[in-house]
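Hi everyone, thanks for making time for this. Let me put the structure up on the screen, and then we'll walk through it together.

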Amino acid sequence: MPQIFHPSTNTFSKVTIFGGVFMVAATLWVLLSVERSSYVTQAQVVREQPVPFSHRHHVSQLGIDCRYCHTSVEESSFAGIPPTKTCMTCHSQIHSTAEMLEPVRESWRTGKSLEWIRVHDLPDFAYFNHSIHVKKGVGCETCHGPVGEMALTWREHSLNMEWCLECHRAPEKFVRPPEFVFTPNWKSEGDQEMMGKELLQKYDIKPSTNCSICHR
Amino acid sequence: MADQVLDKKEHSHHTGAPLIEPGHSYGSVTDKISSIVLTRKTPVAWFLGFSVAFLLLMVFLGSTAYLLMKGTGIWGLNVPVGWGFAIINFVWWIGIGHAGTLISAILLLLRQEWRTSINRFAEAMTLFAVAAAGMFPLLHMGRPWLFYWLMPYPNTMALWPQFRSPLVWDVFAVSTYATVSLLFWYVGLVPDFATLRDRTKNRWAQISYGILSMGWRGSAIHWHRYETAYLLLAGLATPLVISVHTVVSFDFAMGIIPGWHATIFPPYFVAGAIYAGFAMVLTLSIPLRKIYGLEDFITMRHLKNMAKVMLATGLIVAYGYMIEGFTAWYSGAEYEEFMILNRLTGPYKYVFWSLILCNVAVPQLIWFSKIQNSVVALFVVAMFVNVGMWLERFVIVVTSLHRDFLPSSWDMYSGTIWDWATYIGTIGLFLTLMFLFLRIMPAISIFEMRTLVTDDKKSKAE
């Protein structure tokens, strides 16, 4: 009876059988990496906006406070996107003819809002409130990254649930004294965890990891 | 010890019906079983059966497609009966699967040689029943494509499954069971695949069976490794026979629902599973031996033995029903008492009493040797048990839930047309796989049957 398979089949089957384990492991690893990559999460990816607004220019070079534009961040769940009026407080006088700012002036003339593209868009099944985080000492930069250094704005973090839980499970690693919440480039001088633990005591910070805190 | 085993063998050969009809040789056994797959014309009954099964499979496809479009609202589930057909059918199918592992693993370790001619298709039955069972929790999820959330893996939600939930234990129990059963079945098939590879004239069949037989040449080393692996797998599978349905029973027993929260549940469920499994093996083997003319290999002795196992486990199940009633009375808890009265005399009393008829009354016929010797009667009894075990799960699930602690939320439950379509559809899935298996794989273990031939000659020589 003739052989059905070429002798090389032996090697081939051994390699595929033993290699199968590694193939499965590698596939899983790739899938998990892709799921966390900026290709999927859009973290670190610049969003194109109707006007190329630079946080670097306004925050780092001019020193404007976050709250000048994002006015409701301390009282509301939503930090607030400034109306055209806020832009025009300065830009009616400064760079008032710059071509780059024409969409702003057009919005001002017509009364039609600028349509900014939202950079941090949480899914609707997750509830988030800015005011409580700001009040308890979570700095703007803790979540939003070094916004003052972004010429064009990107989202610093993935907004994956594991990222939220990183802080909710160990807030002492992230909280800062309330007076520094809006300070750009703030770094704790001593031991962050020691200071963090004191802050947790002092301000009664007890972030819950109960499902219905965010999924209401 | 060895002498004792030998004695027993001889004893069984002299008294009971034989395990294999006399006059068979190695060659004739191999010819007969492999010809079903390789040379014999596929019987008309196969085509008829397969068409019906495939039609039902299409019903499953249709009802699943509609379910994915509309969501689980098309099923009859609602408050207070949040668990209906989905769990009933899941438990029913998983239970049916149990006979396969029991026959292949436990009976192997206990050296019950009569298992040899039925273990192969009983194992196939197990696999297909587990596949059918798996459909229900998957579909009940609503978003079945996210099923992998039930597995512990480093996900972006930084969450683990709820390890305190018996439903998560179920995932592990059933997937382990499916894996071990598949391995056991496959390892047992390897020498037979090699036989088919060597006998077929068809090039494609040669290649396919060649790949499946993994280079089996039947050398002494091969046989040595095979025996070791098979015994090890049997050892692994044995605790699974007990553990899987125990965990399934925990789905109920861990809940503080009257009628569920009872310590009798694990043994009672395991016995019920073996009961249902043997009923299904009888249901399948009786037409199988008839259609393919395998009466020489699946003899009356096999049918009788299976019927006896059915009778024994049926009595354990009946004891379980009794204890349920006793516990309810002895507990003195008014909700337990109400539950059992509601079960016996409430709106679902007809279901309950039909269950008693099917599972407790009818199987007592097996005590009579006339029934034991009648193939038709055994088939009818097995069908009663198949139905009875489904009714049992219906009674456990529905009567415990539909009148709960709060009379204002009492309600009646019944399956919708989509519940029935999905259920009947999985029967189609099961039968389709079974028919395909019969067509392309040896339904009876060829090489193990050959060992019975040797024994026969030896005992004659002695």
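Before we get going, one definition: a crossing of two helices is left-handed if the near helix is turned anticlockwise from the far one by less than a right angle, and right-handed if clockwise. Helices here are DSSP runs of H or I with at least four residues, strands are runs of E with at least two, and both are numbered from the N terminus.

Some housekeeping. What you see is a predicted model, where local features need pLDDT of at least 70, side-chain atom pairs count only at pLDDT 80 or more, and totals for chains, interfaces and linings use all residues. Residues are numbered from 1 along each chain as its sequence is written, while chains are lettered from A and ligands numbered from 1 in the order in which they are written.

In chain B, the pair α10(B) and α11(B) crosses in the left-handed sense. Which residues make the contact? On α10(B) they are B:E324, B:G325, B:A328, B:W329 and B:S331, and on α11(B) they are B:E336, B:E337, B:M339 and B:I340. By contact I mean that the C-beta atoms of two residues, placed from the backbone, lie within 7 Å.

Now let's look at chain B as a whole. Chain B has 16 helices and zero strands. A compact globule of 462 residues would have a radius of gyration near 23 Å, and chain B agrees, with 23 Å. That radius is taken over C-alpha atoms, and the globule rule is 2.2 Å times the number of residues to the power 0.38. The C-alpha trace of chain B spans about 75 × 55 × 45 Å along its principal axes.

How much of chain B is buried? That's 40% of its 462 residues. Buried means 20 or more other C-beta atoms within 10 Å of the residue's own, exposed means 12 or fewer, and partly exposed is in between, with C-beta atoms placed from the backbone.

Then there's the largest nonpolar core, with 121 residues, where B:I94, B:M125, B:Y275, B:F278 and B:V281 touch the most other members. A core like that is a set of buried Ala, Val, Leu, Ile, Met, Phe, Trp, Tyr and Cys residues joined through C-beta atoms within 7 Å. Leaving aside neighbours within four places in sequence, B:I94 is in contact with residues including B:V130, B:V174 and B:A273.

Over to chain A. It has eleven helices and zero strands. A compact globule of 216 residues would come out near 17 Å for the radius of gyration, but chain A has 25 Å. Its C-alpha trace spans about 95 × 50 × 35 Å along the principal axes, and 12% of the 216 residues in chain A are buried.

Let's zoom in on A:I205, in the loop between α10 (192-202) and α11 (211-214) of chain A. Why does A:I205 count as partly exposed? Because A:I205 has 18 C-beta neighbours inside 10 Å. A:P171 is 34 residues away along the chain, and its C-alpha atom is 8.2 Å from that of A:I205.

Last stop: where the two chains meet. Chain A puts in ten residues and chain B eight. On the chain A side, α1(A) gives the most, with four residues.

Okay, that's me done. Over to you!
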